[in-house]
Amino acid sequence: MPVAIKRAPQRTCLACRQVKNKRDLLRVVRTPDGVIEIDTTGKKAGRGAYLCRVRECWEAGLKDDRLEHALKSRLKSSEREQLLSQIKELLKGAR
Ligand SMILES: [Zn+2]
């Protein structure tokens, strides 16, 4: 009898294109109000994109405008900086 393996949901990091378990990635979301924010719960409404929990992927994603494409939204440079500083804070406590 084959054993049914419950697979964790997987998502692709938009910077390095690696497929990972959803919980190993961080979600960024554009809310219906047009606010770009990091969704630490993974449950916020809006258009979302996923990136690895490493700073390099966030820097690459923000620099190459891949995040803008994924969210279909222009990011102000102040918003980019805010996201990056939030990421640095979040990742500091990781592991
Ligand atoms: Zn990545």
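This is a predicted model: local features need pLDDT of at least 70, side-chain atom pairs count only at pLDDT 80 or more; totals for chains, interfaces and linings use all residues.
Local features need pLDDT of at least 70 and side-chain atom pairs pLDDT 80 or more, while totals for chains use all residues. Residues are numbered from 1 along each chain, and side-chain values use heavy atoms, without hydrogens and water.

**Exercise 1.** State how many helices and strands the chain has, and their order.

*Solution.* Helices are DSSP runs of H or I with at least four residues, and strands are E runs of at least two, numbered from the N terminus. The chain has five strands and three helices. Along the sequence the pattern reads β-β-β-β-β-α-α-α.

**Exercise 2.** Find which residues of helix 3 are buried and which are exposed.

*Solution.* Buried means under 20% relative accessible area and exposed over 50% (1.4 Å probe, protein chains only). Step one: Glu-79, Arg-80, Leu-83, Leu-84, Ile-87 and Leu-91 are buried in helix 3. Step two: these residues span an arc of only 135° around the axis, so they lie on the same side of helix 3; the arc is taken from the directions from the helix axis to the C-beta atoms. Step three: Glu-81, Glu-89 and Lys-92 are exposed on the other side.

**Exercise 3.** Determine how helix 1 (residues 55-63) is oriented against helix 3 (residues 77-92).

*Solution.* Axes are lines fitted to C-alpha atoms over the stretch in contact (heavy atoms within 4.5 Å), with angles from 0 to 180 degrees between N-to-C directions. The two axes come within 10 Å and cross at roughly 170°. Over 145 degrees counts as roughly antiparallel, and helix 1 and helix 3 are therefore roughly antiparallel.

Technical notes
Angles under 35 degrees count as roughly parallel, over 145 as roughly antiparallel, 65 to 115 as roughly perpendicular and the rest as oblique.
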